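The following note collects points on the structure for a colleague's review.

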Amino acid sequence: MPLESGPKDNAPQPPRSVSPSNSFYALSDDEEGEYNTITHTETGRGVKLLFSKSKVYVHPTPSARDNIPGYIALLQQRGRRLTSSSANDESQSIASSDLLLAWVPESALGDAANVYVKVDLCDGDSPPKQSYLVPPPPTVTTHVGSVGGYAFAIPVSAIYSLLIRPPSLGWWYGSVIINSRAGDSFPALFFHDNECQSTILQKKKIARDTFDPFGSDGQMFWGGDEVIRWLRRYVKVERSGAEPNIYLIEPSKEDIEAFGHKLTSGPSQIGRQDSSSGVRANAAGGPSRPDAQMDPFVKFVKEAGWNIMEKFSKVTTFTRRAAQDLVENPNLPPQVRRLLKNPEVQTLQDEFDSARIYLARWAMGIQEQSERDKRQRIWSAHDVLELEDTDVGEFELLEGTSSLSLEERRKTLTMKEWDTFFDAQTGRLSVTVDEVKERIFHGGLDPEDGVRKEAWLYLLGVYDWYSTLDDRKAQIASLRDSYYRLKLAWWERLDGEGGDGETGEWWREQKGRIEKDVHRTDRNVPIFMGEDIPHPDPNSPFAEVGTNVHLEQMKEMLLTYNEYNKDLGYVQGMSDLLAPIYAVMQDDAVAFWGFQKFMERMERNFLRDQSGMRSQLLTLNQLVQFMDPKLWNHLETADSTNFFFFFRMILVWYKREFVWMDVLRLWEGLWTDHLSANFHLFVALAILEKHRDVIMEHLKHFDEVLKYVNELSNTIDLESTLIRAEALFKRFQRLVEAVDKKQNFPLPVGHQRVPSSSSVGTGSSQSPNKGKGAATTPEKEKPRVITPELRKLLSKEVEVLPRTAVAQQGDGMPSK
């Protein structure tokens, strides 16, 4: 809670931890850069919080799930005061060396969280009248390596410049990069204004008071604009004329001469026209829009209604030349024409590719939300029929031969229902395996009542489906004993750090890989959060941070698997496959054998020559070509038929594409092999078909497809994707049957007929209107070819690599 400035408090304060214990990154203090922690010798209570802004993220990896939320803050430490002429000049009387520009992750706020929130939501342009004191973050003057999850603060006097990038169509989040006088740069701080309550409230207030959706007079702002405004209260900030995105902090005369003036050599200067008053030169050298203000084009995009946006989005589907011609179109609204003529907006035409991708994703997002709303009801076959009315055809979800209705099959399977599948006396399964698998495939297992802990052992193959209760008890005891014997084998190597020679070097390398990967695997899942025990290995890069018991169990299981499977070796991604199994079982011995069974089918993903991954991507290529030739042809023109953009998804079975609970639901469905042992490829096809229109209309190059698909992470709706994947499999099955029948019953010589959609045509179900004229002008269609790879997709048998193949292509122990 806030502390009133008042009498000195000389009570001893507990020592402050140098680094937060729940850091996402395990860097030592030396790796993070030298710093001196600020202490108040008089009060010992902390530093004064002048300004804070929430939902400012560090993006340590391209994956959105790794983003770290925090606060950017302006802090004042106690120091000398500069002489001021009046009380009103108090803000100018603070030396820049006493001001700190800081970033603090939410996880490191502790008891100070309420203070940061209160100052963030403080309604006013001046510092709060009440003094809010917070613990001082570690202070640095240089940056080495990644800041990661640590807090940091840099004295304003040590800042050379700020690189400000307002929100743009190429990157929807504005960012600030701090450049120090030592010559290095801190990680970019991204402002997620759509999540920041203070920015949302300020935006509403401005819109209520003076709202001009097409003006550029400074009324619109974003979080970075606030940072510049607050810094200007205390220090001199000069915007560079040579590079308008650079803001010099307390620049010297030489700095101003070198960077402060505009470049005059090129006609495409940024900021030489004011969109609100037509074309006019900026003789004074000032920018055409207020400092760090949002681009007018982006301002228009964010504030315009959907109807206007939908019309304007058509601009982005043209080439640059076509868009330029459109400026003169008399049918365009005058405001839009004025925006397009603005040189600042014209510079954004370089980002048209990013613009059309963003707009397409926006439209897709609305559709996704609609589908999430639909999840509140039970899906019926009619729903699926409507869902799949695309250019690929209308798909139907077959009821099959099950006695259960579709609604009953899609209910979550609970422990109570699971128990009814087994004989009460013997514990042996009393229904067919297919019935149980179908039930799990469609409904999933209850995430709360513990049924997963038992059912997963059957799905993974640890338990035999028709074993008795006594059989399973004896099996678990035996497996537990085997696990500890395997563990003991590598445990003895710890004293000698793995031993000498090539084998010892390999073992140490494997141990190091496992150590690093485990400490960054699923750290947002509660069981893997935080570090509450000392690290057992003083030589570990994470020794200073500490660890927790679950992380250590994961490391031990992966090292034990190395001992069990000496042919393969540890490869990055295996920790992603182990984490869900261990989190459900929470028993290292049992989880290990579940992981070992899972790895039998996943070994092919981790071979040194990547032959297993290339084989699956080739099969996906053939599947798309077979099911949707038009989409495949478009991907071919975009140089994307290698399907490398699905590499990560297939490698770890969509582990990073869905949220944690959805991953558990997806995996248990895939483990059933209810329809196919390679059903994960139909999930990939379903994702493609979902985004088919966006891909075909907006994505023209491989890098665009790759970027778009990668950014689908954590945005895919699982339930509708599984329904679509099942419908696609059913259709694939029927098409294969149709092709086989045609080959078995050739037409008589001299007779011709137009292929129908139910046989071997393009696969598009034609409506009466769509089919008009088809009989008179039939298109010549390429015959469908069912390759051996495609035919394998109908098999429910899991492919397990022979040990010789793993030994040849694995990265295992040199001498076994």
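1. Among contacts in the chain with a separation of 6 or more, 71% join residues 24 or more positions apart. The model is a predicted one. The chain holds 31 helices and 10 strands, and 51% of its 816 residues count as buried.

2. The largest nonpolar core comprises 121 residues, and those with the most contacts inside it are W418, F528, F643 and F646. A second, separate core has 34 residues, including L50, L74, F152 and L162. In soluble globular proteins, nonpolar side chains tend to be buried together.

3. What does W418 touch once its neighbours within four places in sequence are left aside? Its contacts are L413, V436, I440, V451, E454, A455, Y458 and W465. V436 and I440 are also among the buried residues of helix α15.

4. Helix α15 spans residues 433–443 and is mostly covered, with 9 of its 11 residues buried. The buried set consists of V433, V436, K437, E438, R439, I440, F441, H442 and G443. Just after α15, G444 adopts a positive phi of about 75°.

5. Helix α20 (residues 574–585) packs against helix α21 (residues 588–602) at an angle of about 140°, their axes being 9 Å apart. Angles over 145 degrees would count as roughly antiparallel, and α20 and α21 are therefore oblique to each other. Their crossing is right-handed. On the α20 side the contact is formed by M574, L577, L578, I581, Y582 and M585, which meet D588, V590, A591, G594, F595, F598, M599 and M602 of α21. By class, the residues of this contact are 12 nonpolar, 1 polar and 1 charged.

6. Helix α19 (residues 549–564) also packs with α21, at an angle of about 50° and with the axes 10 Å apart. Why are α19 and α21 described as oblique? Roughly parallel would require an angle under 35 degrees and roughly perpendicular one of 65 to 115; α19 and α21 are therefore oblique to each other. The crossing of α19 with α21 is right-handed. Q553, M557, L558, T560, Y561 and Y564 in α19 meet D588, A591, F592, W593, F595, Q596 and M599 in α21. This contact divides into 9 nonpolar, 3 polar and 1 charged residues.

7. Is N605 buried or exposed? At 5% relative accessibility, N605 counts as buried. Not counting residues up to four places away in sequence, N605 touches M613, Q616, I650 and L651.

8. Y654, in the loop between α24 (647–651) and α25 (660–671), has a positive phi near 65°. N714, in the loop between α28 (702–710) and α29 (718–744), also has a positive phi, near 65°.

How values were computed. Residues numbered from 1 in each chain as written. Predicted model: local features only at pLDDT ≥ 70, side-chain atom pairs only at ≥ 80, totals over all residues. Heavy atoms only, no water. Buried < 20%, exposed > 50% of the residue type's maximum accessible area, 1.4 Å probe, protein only. Helix = DSSP H or I, 4+ residues; strand = E, 2+ residues; numbered from the N terminus. Axes fitted to C-alpha atoms, helices over the stretch in contact; angles between N-to-C directions. Left-handed = near helix turned anticlockwise from the far one by under 90°. Contact = heavy atoms within 4.5 Å. Nonpolar A, V, L, I, M, F, W, Y, C, P; charged D, E, K, R; others polar. Core = buried A, V, L, I, M, F, W, Y, C linked by side-chain atoms within 4.5 Å.
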